[in-house]
Amino acid sequence: MQYDNGGELLVAHLESLGIDTVFGIVSVHNLPLVEAVDRHLRFVPVRHEATAVNAADGHGRARGSIGCALTSTGTGAGNAAGSLIEALSAGTAVLHVTGQVESRYLGSGRGFIHETKDQLGMLSAVSTYAATVTSARDAGRVLREASAAALATPGGPASVEWPIDLQYAAQEDASEAVPSGEAPSPDPGELAAAQALLATSRRPLIWAGGGARHARPELAALLEATGAGLLSSNSGRGSVPEDHPLVIGNFATNPAVRALLADADLLVTIGTHFRSNETADYNLKLPDAHIQIDADAAALGRVYPARHALHAEAAAVLPALTGAAARADADWSARVTAVRDEVRAALHDDIGPQAALCDALAAALPRGAVVARDVTIPSSSWGNRLLPIHDPRANVFPRGGGIGQGLGMGIGAALARPDEPTVVIAGDGGLAVHFGELLTVAQVRPRLTLIVFNDGGYGVLRNMQDKYGERRSGVDLFTPDFGPLAAACALPYARIAAPEEAAPVLEAALASDGPALVEVDLTALGPMKNPFTPPVKIPTA
């Protein structure tokens, strides 16, 4: 195939992936790419390269596929690095195409504009795949290899640096296919032993992680066959809709769930990596009888020992387990449902007046609508647990824990699903990291409701310092007047200062066909019953 320039080749490749929207910032070192995307697809001009990657990430998650970001070289690629770390942590597919200086100057260190030392090394450190386009006959192959790596297991971002002279050059693409890797297959003996163990279990639990997202029917079948309780990591939420009576959810460290784990005679874990914040810094005790399923061989037994480790895609191996499974004791399944109700009721009570916001969102959002959550107290306390998720593609949040990424992810998700509302839950501190993206929202007008929980700073760390220290450091911040700020960005604005205001304000915002900014005045609303602090170790505590 022949293409006039690299931009035309890139567009053809993106169309082959089903990508119709690309996020980025135009530069002298990516101009042919941006112009072609803008001519044939949709180019969204975000205000920061980190947001380009976050938005591409959110767009891909909401579609259950891959997103694309375009950045410039040097500082631009460096700005993208933090968000590439998020995609790497989450194993989400992002194709990141960045510029590079002219190929004849590559690596010369002479100070060419936008040049940086070992950009490929930097990208390799934060990507699952990174490569340089070295000729006009090479670009198509590199793009296909990058996309395949991003979409493979365990997945993650793939970065391609493309010298500007080779972007302008006419392209010749042989269109050769990228060899696909073999699907992992569990050891037959381990699988048979796991089947035998499951056949004798009467008090089973299942833990669904991010690897269960692509095995939803198979997981539901196992759950129905066993009557087990289903726990989830944050990443696994929605793999089975959370209104199912056997879905306990993301409550593994709750005392009532710890008691269930202590009494369970078997735990089957599916694609979860047991992150520190979901295991009480690895102090959570799991049953000794543990069947672990993961397509990433390195994850098997890495955190908790597995009696039977099954290296496999969940969708491929779960039917074999379901066929061998026995039904749990009836009183065990009843206890699971009771614990499910207990932990939700306790959290609902614990968050005090914020429960009205959780209830209003649950009532007003269409089933399966995206809820993008930045790192903030409402997200960490009830957004990641109590607000129901019924589809894993609706579950968009920074799995690596980085603050300030929620709005970019929400922008990408909202543009992936223009016919339904998207909600972003953010704090005033996190939102300030990327205030400029309010201008992106104003420009592209997605159907996005941004809910800003305003407590005048970094509430999570403030609570930690108040609990464990004698003074506050770096947590109290100047906060803008959000009403005039929204007006300056041509965004509709509303304020919630009392629980009874939550439902009407959120219903109106979600019913609109464009963006809105809703401020929650946490001082006026009132405190939670117990200040939220994260489950991390404080040596002096």
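Contact here means heavy atoms within 4.5 Å. The model is predicted. Leaving out residues up to four places away in sequence, L219 touches I206, A208, A212, L230, S239, V240, I270 and L318. L219 belongs to the largest nonpolar core, which has 81 residues; it is one of the members that touch the most other members, along with I206, I270, L318, L357, L361 and W382. Another core, of 40 residues, lies apart from that one and includes V44, A69, A426 and L450.

The chain holds 21 helices and 20 strands. Its radius of gyration is close to the value that the globule rule gives for 541 residues, so the chain is as compact as a globular protein of that length. Values for the chain as a whole are listed below.

| Property of the chain | Value |
|---|---|
| Radius of gyration | 24 Å |
| Span of the C-alpha trace along the principal axes | about 70 × 60 × 45 Å |
| Distance between the centres of the positive and negative side chains | 3 Å |

The charged side chains number 40 positive and 58 negative. Of the contacts between residues at least 6 apart in sequence, 76% join residues at least 24 apart.

P163 lies in strand β7, which covers residues 157–163. With a relative accessible area of 1%, P163 is under the 20% cut-off and therefore counts as buried. Beyond its neighbours within four places in sequence, P163 is in contact with Q100, V101, E102, S103, T132 and V133. The C-alpha atoms of P163 and S381 are 45 Å apart, and the two residues are separated by 218 residues along the chain.

Methods:
Residues numbered from 1 in each chain as written. Predicted model: local features only at pLDDT ≥ 70, side-chain atom pairs only at ≥ 80, totals over all residues. Heavy atoms only, no water. Core = buried A, V, L, I, M, F, W, Y, C linked by side-chain atoms within 4.5 Å. Buried < 20%, exposed > 50% of the residue type's maximum accessible area, 1.4 Å probe, protein only. Helix = DSSP H or I, 4+ residues; strand = E, 2+ residues; numbered from the N terminus. Rg over C-alpha atoms; globule rule 2.2 N^0.38 Å. Lys, Arg positive; Asp, Glu negative; His and termini not counted. Charge placed at Lys NZ, Arg CZ, Asp CG, Glu CD.
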